[in-house]
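I opened this model to see how the chain is put together. These are my notes, in the order I looked things up.

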Amino acid sequence: MAGQTVSMKEPVCLIENDNDGKLRVVRSALDILDQIDQHVVVVSVVGLYRTGKSYLMNKLAGERKGFALGATIQSKTKGIWMWCVPHPEKRDHTLVLLDTEGLGDVEKGDEKNDNWIFSLAVLLSSTLVYNSMGTIDNNALEKLHYVTELTEHIKVKSNQRDGEESSEYLRYFPSFVWTVRDFTLTLEVDGRPITAHEYLENALKLRTGHSKKDQAYNLPRSCLRNYFSPRWCFVFERPASGDKMRRMEELTDADLEPAFVEQAKEFCDHVFNEAKTKTLKQGLKVTGRLLGNLAETYVSAIRSGQIPCLDNAVLALAQIENSSAIERARAHYQKGMADWVAYPTETQEELSEVHAVMEKEAVAIFINNSFKDEDQKYQLELMKVLQEEYEKICERNYKESQKACESKIQCIFAPLEEKMRDGSYMTPGGYKEYCNDLKLATSEYRSEGGRGVKAEEVLNEYLGRKASIGEAILSADQSLTEAEQRAEVEQVKREASERENRAMEEQLVVQERLRADQQRTYEENVNQLMERMERDSRNAIAEHDRVLQARLKEQNDLLQQGFDDRAHQMQREIDALKGVKAQEEEKKPSFMSTALDTVGTAAALFLPGILPKVGGMAVKWLSKWF
């Protein structure tokens, strides 16, 4: 199912400073994100003020106007502004563009605020664009000192120690794109042409010395190399003359330098095709609603004087999202059943079939919108909630069936009731007439549709209440001999027994179907749980491999640049990553088996119709996946 999204005509402020100078999230922006069920690709742009960041974001939005450009030395963007548009390339994805306040604004002069803006851009985005002017030289890298302070403003774990491996940050941090505006150099090294990406990597090479000057030189470069992977670079010539530059919002591509237009197109194409879906640890894909909750969680931590912790944020969000996922699944189930069930259903099977479809969709909604459901606590709650909803619907179906049957009986048996009241049957031969009328009315009732699942039960109860009248008519019929009357009494008993059996069989069919429903509920939940766990496992392995490959590449680069000691130190980190991956793969079957047993044991408390051999079910399901 395609998720819901929005298409904004213009950007809005997502994060601003309040009157006390503290950051806060703007509620109206959160309301917009809350409407986006689709996965999001989040592109943030950061950089020094007045470097043309907003122009690039407008290009990504496909508009000339939107994010404020300005033409003076004053910074136009304050806080973090957001623009959500349908992704031009990724189906069922929303592109979220975040334009940040220019760093180093002399008017604001708040270094601490700049650090938090930069940190939030890193935390919220899947691709971080750093925009600068001129060249990537040591001066430009020194201005990017915010990257060297990230570990002071972002923690991965609540118990994180100083010097925690950079691989932990690689799991969370976005890809990195450096855009260089008004670039006038020739892209070559030692007379050899190079790409813009090679230009960036060449600028990030380390010095081999150990002096303070060398350490200061290496620090921002090491941070970029250790925290961000992959990395790209795009260079742009000056777009137009000075006079035109002051009217950028009014200009079309035809008014700009052709080389700049082509370079801007290459940048946009790269972002559209290479920027990934925003994910959290273990590959959890983020929706617009989840992105809004993330922003609230991080800003709340900053406002309270704490350092945003990624693992803590995930745990806090899991509680919010998992509870919300249950309610969304319940609402979908309720609406679907209300739309598709016409009371009373002719059979329990008819109701069961609609229930099966809507429950499957509801479980899928929960599975796709929940995460970190430790011990399957929330999924078990969903199973219980949906079972209770189904029981309410079944109870209503019973009552509607009873009402429909009683109404039909009242109508069909009315002539017979009238004859009973006026004594028409209390004459010689009257009992035979009574039996014929009763048989015709019963046959007509059974031929009627729309009676529902209690048709025989209601009929049996009705005729049971009229049995004494039948006995009185039989006793009053003087045309029957004593032997004939005894025979009629036996016939009445046989017919009553047959009706009782039909009513019991009717209810047995209902109960058997309900037990089958419970078994199917369990198997549907287990099946979707296993698929989700398998998907989560693949995502975790892919994330692990991405981090491992990034560290191996960095180690290789260090070796080629003569940093043998650094490469040797990195080997310990690489070995630890390989060890963690091996452990996770080894315990995967056991973890899944435990999850199945947990679901089976707990579900049996409110789904008594499921098979008791939970361990056997675990073997069955695990054999499907391994």
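Predicted model: local features only at pLDDT ≥ 70, side-chain atom pairs only at ≥ 80, totals over all residues.

Residues are numbered from 1 along each chain as its sequence is written, and side-chain values use heavy atoms, with hydrogens and water left out.

**Entry 1: overview**

I counted 21 helices and ten strands in the protein chain. I took buried as under 20% relative accessible area, exposed as over 50% and partly exposed as in between (1.4 Å probe, protein chains only). On that scale, buried residues make up 49% of the 626 residues. I took contact to mean heavy atoms within 4.5 Å. Among contacts between residues at least 6 apart in sequence, 76% join residues at least 24 apart. The chain exposes about 30,300 Å², and carbon and sulfur atoms supply 49% of that area; accessible areas come from the Shrake-Rupley method with a 1.4 Å probe, and for residues only the protein chains shown count as cover.

**Entry 2: helix α17**

I looked up N460 and found it in helix α17 (residues 455-465). Is N460 buried or exposed? It counts as buried, because its relative accessibility is 14%. Leaving aside neighbours within four places in sequence, N460 is in contact with A496, R499, E500 and A503.

I then checked the rest of the helix. Eight of the eleven residues of α17 are buried, so the helix is largely enclosed by the rest of the structure. Among them are A455, V458, L459, Y462 and L463, and also E456 and E457. The buried residues of α17 pack against α14 (377-412), α15 (414-422), α16 (430-447), α18 (467-476) and α19 (482-560).

**Entry 3: the sheet**

I counted two strands as paired if DSSP finds at least two bridges between them. An open sheet of eight strands runs in the order β2-β1-β4-β5-β3-β6-β7-β10, with mixed pairing. Its edge strands, β2 (23-25) and β10 (231-235), each pair on one side only. For angles, axes are lines fitted to C-alpha atoms, for helices over the stretch in contact, and the values run from 0 to 180 degrees between N-to-C directions. Neighbouring strands of this sheet are turned by 20° against each other on average, direction ignored. Helix α10 (residues 258-274) packs on the sheet and touches β3 (39-47), β5 (93-100), β6 (127-133), β7 and β10. The direction of α10 makes about 160° with that of β10.

I went through β5 in detail. Eight of its eight residues are buried, so β5 is largely enclosed by the rest of the structure. Both of its faces are covered, with H93, L95, L97 and D99 buried on one side and T94, V96, L98 and T100 on the other. β3 and β5 run parallel and are joined by seven bridges; H39 stands opposite H93. Strand β4 (residues 80-86) pairs with β5 in the antiparallel sense, over seven bridges, and P86 has T94 as its bridge partner. The β4-β5 hairpin has six residues between the strands, and D92 takes a positive phi near 60° there.

W178 stands opposite C233 in β10.

**Entry 4: aromatic rings**

I paired rings of Phe, Tyr and Trp (its six-membered ring) if their centres lie within 6.5 Å; planes under 30 degrees apart count as stacked, over 60 as edge-to-face and the rest as tilted. The structure holds 16 such pairs. The rings of Y130 and W178 are edge-to-face, because their planes are at 90°, with centres 5.0 Å apart. This pair links strand β6 to strand β7, across 48 residues. Both Y130 and W178 are buried. Ring pairs link Y130, Y169, F173, F176, W178, Y227 and F228 into a cluster.

**Entry 5: cores**

I used nonpolar core for a set of buried Ala, Val, Leu, Ile, Met, Phe, Trp, Tyr and Cys residues joined through side-chain atoms within 4.5 Å. The largest has 104 residues, and those with the most contacts inside it are M82, F118, W178, F228 and F267. Helix α3 (residues 111-124) gives the largest share of this core, eight residues. Apart from it lies another core, of 24 residues, including I326, L351, Y390 and V453.

Methods: Helix = DSSP H or I, 4+ residues; strand = E, 2+ residues; numbered from the N terminus.
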